[in-house]
Amino acid sequence: MNLAVPAAARTPFLGVEFDRMTLETAIDWIGRSDETGRFRYVVTPNADHIARLSGTADAPWASAYRAAVAASDLCINDSRVLAQLARLSGIDLPAVPGSDLTRELITSGRIPLDATVVLVGGGASE
């Protein structure tokens, strides 16, 4: 089974290499990725991440974040703002908010019931 994201789908935008996927395509990819038995992870950078990275490029967390994004199996755009900015730049970069992706993964039945899923997020909002 080939789960590699097609090279043509990868798009550099604002310093991050995004995989251009719709919600449906991302769900399909994630559902099939469990069949390999190998740990895989998805990152969903948003406008705040991009802004923080551009303002603190030399911070230790920034290089760790960039490395995690670069090593990810899938990097999809979490932000409608980034999608609009990309569109204004002539780039098609669909928005797949992580909250929508998570909801669909949990409710769609497209991942096996015995699959191990780990969600990592930020702290509580104020």
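Tutor: The chain exposes about 7800 Å², of which carbon and sulfur atoms supply 56%; accessible areas here come from the Shrake-Rupley method with a 1.4 Å probe, and for residues only the protein chains shown count as cover. This is a predicted model, in which local features need pLDDT of at least 70 and side-chain atom pairs count only at pLDDT 80 or more, whereas totals for chains, interfaces and linings use all residues. Residues are numbered from 1 along each chain as its sequence is written, and side-chain values use heavy atoms, with hydrogens and water left out.

Buried residues make up 33% of the 126 residues in the chain, where buried means under 20% relative accessible area, exposed means over 50%, and partly exposed covers what lies in between (1.4 Å probe, protein chains only).

Side chains of opposite charge can pair when their charged atoms come close. A search of the whole structure finds 5 salt bridges, each defined as a side-chain nitrogen of Lys or Arg within 4 Å of a carboxyl oxygen of Asp or Glu. One of them links arginine 52 to aspartate 48, with the closest N and O atoms 2.8 Å apart. Both of these residues belong to helix H2 (residues 47–55), where a spacing of 4 residues sets them about one turn of the helix apart. Arginine 52 is partly exposed at a relative accessible area of 49%, and aspartate 48 is also partly exposed, at 39% relative accessibility.

Turning to helix H5 (residues 98–108), arginine 103 and aspartate 100 are 3 residues apart there, a separation of about one helical turn, and they form a salt bridge whose closest N and O atoms are 3.5 Å apart. Arginine 103 counts as partly exposed at 44% relative accessibility, whereas aspartate 100 is buried, with a relative accessible area of 19%. The side chain of arginine 103 also meets that of glutamate 104 in a salt bridge of 3.9 Å, N to O, and glutamate 104 counts as partly exposed at 27% relative accessibility. Salt bridges that share partners join Arg80, Asp100, Arg103 and Glu104 into one network.

Key:
Helix = DSSP H or I, 4+ residues; strand = E, 2+ residues; numbered from the N terminus.
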